[in-house]
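Thanks for asking me to look this one over.

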Amino acid sequence: MKKFFIIIITKAITVLLKLLGKNAGNLPGSIALKLDKDIIKYFKIRGKVIAVTGTNGKTMTNNCIATIFKNSGKKVLSNLQGNNMETGIISAFIKNCSLTGKIDKYYLILETDESYVPVLYSKIPLDCLVILNFFRDQLDRNGEMETLILKINKFLETYTGNLILNADDPNVSRLAKANTNNNNIYYYSIDECEESTKELKEAAEGTYCPFCRTKLQYGYYQYAHVGRFECPKCHYGKADIYHFLTDVNVEGGTFKIGEEEYKTKYDSLYAFYDLAAATSVAKLYELPKEKVKQTIEEFVLNNGRLEKLEINGCKTVINLAKNPTGVNVSLKFLQKDQGKKELLFVLNDNIADGRDVSWIWDIDFKNLENVERVITAGLRPYDIAIRIKTAGYPADKIIPCNTLKEAVQTLYETENSKYVIANYTAIQDVRKEIKSYNK
Ligand SMILES: [Zn+2]
């Protein structure tokens with residue numbers, strides 16, 4: 001009975017927040033949890049739950065999967081705004097359930113923060129878990145990456161549902177061995193392409209075999225420690241690939257799955273991995289190929305994930321990056337651009353970002369010589385300015401700004417192309433400031 005009233009109250013709060021123009025992404029769930037920590041058990045889920053987790057690319061992959069399912073005519077519930085902790089997922093349930101807690105969507109596609117996978121899916125049935133990658137991220141919230149992987153490994157020891165794993169990330173594919181009785185493991189991978197390299201270029205984790213500690217051998221690297229690897233001693237890494245992207249043309253935005261050619265608006269290998277994950281889910285659930293192709297061709301996520309805009313005639317690319325690998329990928333875009341360009345780096349240190357900003361020292365800031373100016377902002381503009389100066393970039397071309405308004409105004413003083421990198425709590429504010437900018 002108590003749970004029934006909690007649902008009534010939090011549903012009312014959801015409506016109220018909507019009327020106030022807020023998105024009610026976390027607060028209703030947070031209140032419900034405070035009133036009853038087991039509130040999640042009240043929901044009667046009849047549909048299949050597909051969860052997407054990993055350090056980078058969760059929102060993009062999750063939203064792409066949800067769009068494919070919707071375009072295929074399925075009834076979908078999804079946390080598309082990226083509220084991926086327990087409070088966000090419960091908020092989405094509150095919004096979509098009946099007063100008795102029934103959720104009558106056939107598919108629940110849930111972006112899930114890595115540390116909440118064991119918490120949530122020990123309480124609600126999970127049909128499929130998709131794991132994208134593991135990188136160092138927000139260390140003071142998640143603890144070391146290894147601790148996090150071990151927690152998910154522990155959860156998987158008794159899980160026998162579908163498990164879709166990135167075969168090219170040694171931190172991810174090791175999880176296949178958590179439960180040798182699980183016969184529902186599916187690997188995806190991307191073939192060597194023009195962007196692949198024989199040598200490791202950036203800071204990386206997981207280059208040693210997690211089972212016998214031998215150094216892994218790579219046929220090729222895609223980015224960071226992601227690539228085709230194998231342990232020379234115990235042969236960890238050798239896997240039957242279920243879903244393989246070939247004939248990859250990153251700049252042209254095309255790849256093949258089997259004989260079928262797919263086209264996308266994205267032109268980064270990093271995004272191709274998210275699309276590979278999304279299309280493996282579509283394959284597993286036997287969604288119509290033409291709907292999948294059409295969705296991949298049209299899909300763009302306009303929320304600051306490699307978002308391209310034109311502001312005052314200047315090409316502007318905005319990307320969320322909250323860990324060294326994410327920033328390195330964003331910087332690759334800037335380095336590829338041969339024209340005149342500038343960088344705005346917005347660094348916050350709120351709790352959701354991680355209070356410790358030492359991760360910026362693992363970013364690879366070389367090759368900034370063609371960048372005309374670097375502007376820094378956020379709650380820690382000086383930390384990031386010093387980091388970039390230490391990498392050898394001329395101090396007189398670095399402009400730290402105390403407000404986003406000032407930063408954006410400074411940025412658009414010139415006509416050069418703009419590249420904007422912002423971390424978690426900074427991204428939406430900087431997008432808003434840029435979009436509303438007028439000379
Ligand atoms: Zn080994």
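1. The zinc ion has a tetrahedral arrangement, because its 4 donor atoms subtend angles of 96 to 120°. For comparison, the ideal angle for four tetrahedral donors is 109.5 degrees. Please keep in mind that this is a predicted model, where local features need pLDDT of at least 70, side-chain atom pairs count only at pLDDT 80 or more, and totals for chains, interfaces and linings use all residues. Residues are numbered from 1 along each chain as its sequence is written, and side-chain values use heavy atoms, with hydrogens and water left out.

2. Which residues hold the zinc ion? The protein donors are the SG atoms of Cys209, Cys212, Cys231 and Cys234, at 2.2 to 2.4 Å from the ion. A donor here is an N, O or S atom within 2.8 Å of the metal (3.2 Å for Na, K and Ca); water is not among the atoms, so sites may look incomplete. Along the chain, the donors of the zinc ion are spaced as C-x2-C-x18-C-x2-C.

3. Cys231 is buried, with a relative accessible area of 0%, while Cys234 is partly exposed at 35%. Buried means under 20% relative accessible area, exposed means over 50%, and partly exposed is in between (1.4 Å probe, protein chains only).

4. On to charge pairs: the structure holds 22 salt bridges, each being a side-chain nitrogen of Lys or Arg within 4 Å of a carboxyl oxygen of Asp or Glu. One of them joins Asp36 to Lys3, with the closest N and O atoms 3.1 Å apart. Asp36 sits in the loop between α2 (27-35) and β1 (44-45) and Lys3 in helix α1 (residues 2-19), so this pair ties together parts 33 residues apart in sequence. Helices (H or I, at least four residues) and strands (E, at least two) are DSSP runs, numbered from the N terminus. Asp36 is buried at 12% relative accessible area, whereas Lys3 is partly exposed at 24%.

5. Have a look at Glu307 and Arg431 too, whose side chains meet in a salt bridge of 2.7 Å, N to O. Since Glu307 belongs to strand β14 (residues 307-311) and Arg431 to helix α14 (residues 427-435), the pair ties together parts that are 124 residues apart in sequence. Glu307 is buried, at 2% relative accessibility, and Arg431 is buried as well, at 12%.

6. Where does Arg373 find its partner Glu413? Arg373 is in strand β17 (residues 371-377) and Glu413 in the loop between α13 (404-411) and β19 (417-422), 40 residues apart. The closest N and O atoms of this salt bridge are 3.4 Å apart. Arg373 is buried at 13% relative accessibility, but Glu413 is exposed at 58%. Both belong to a network of salt bridges that links Glu342, Arg373, Glu413 and Lys418.

7. Finally, a buried serine. Ser189 lies in strand β8 (residues 185-190) and has 0% relative accessibility, so it counts as buried. Leaving aside neighbours within four places in sequence, Ser189 is in contact (heavy atoms within 4.5 Å) with Ala167, Asp168, Arg228, Ile241, His243, Phe244 and Leu245.

Technical notes:
Four donors count as tetrahedral if all angles lie between 85 and 135 degrees; four count as square planar and six as octahedral if opposite donors are over 155 degrees apart and all others between 65 and 115; anything else is irregular.
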